[in-house]
Amino acid sequence: MTSFAKSMLVADPDQRRALRAAIILKRFEYNVFVASGSAELLRIADYAMPNLILLDLRMPFVENRTCLEMIRSERGLDPVKVITTADA
């Protein structure tokens with residue numbers, strides 16, 4: 001596990017939207033990681049130990065609540081803040 005000083009994980013199945021968010025966040029000097037699926041989200045979160053996760057509630061492969069529970073159950077990820085998003 002690695003800890004980056006100021007890092008954020010953007011998890012969104014729409015890669016273009018995730019990359020736009022990453023570009024904006026990099027302007028604020030964040031180390032930004034992007035995940036397009038729940039398995040990738042969990043793998044990156046475990047490795048990068050981000051300070052914040054921006055999570056689209058409609059991530060593929062895992063139900064929303066399950067994905068959040070999986071993030072919280074990972075050792076060391078419990079203090080990570082998670083912001084959830086969804087299209088209207």
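The legends below describe close-up views of a predicted model. Local features were taken at pLDDT of at least 70 and side-chain atom pairs only at pLDDT 80 or more, whereas totals for chains, interfaces and linings use all residues. Residues are numbered from 1 along each chain as its sequence is written, and side-chain values use heavy atoms, with hydrogens and water left out.

**View 1. The salt bridge between R17 and D12.** The side chains of these two residues meet with 2.7 Å from N to O, a salt bridge being a side-chain nitrogen of Lys or Arg within 4 Å of a carboxyl oxygen of Asp or Glu. D12 is buried at 7% relative accessibility, while R17 is partly exposed at 25%; here buried means under 20% relative accessible area, exposed over 50%, and partly exposed in between (1.4 Å probe, protein chains only).

**View 2. The salt bridge between D56 and R17.** The closest N and O atoms of this pair are 3.4 Å apart. The pair links distant parts of the chain, 39 residues apart, with D56 in strand β3 (residues 52–56) and R17 in helix α1 (residues 15–27); helices (H or I, at least four residues) and strands (E, at least two) are DSSP runs, numbered from the N terminus. D56 is buried, with a relative accessible area of 5%.

**View 3. The network of D12, R17 and D56.** These residues are linked in a network of salt bridges, and the structure holds two salt bridges.

**View 4. Helix α2 and the residue that follows.** Within α2 (residues 38–48), the buried residues are S38, L41, L42, I44, A45 and A48. An α-helix has 3.6 residues a turn, so residues three or four places apart point the same way. After α2 comes M49, which has a positive phi near 50 degrees.
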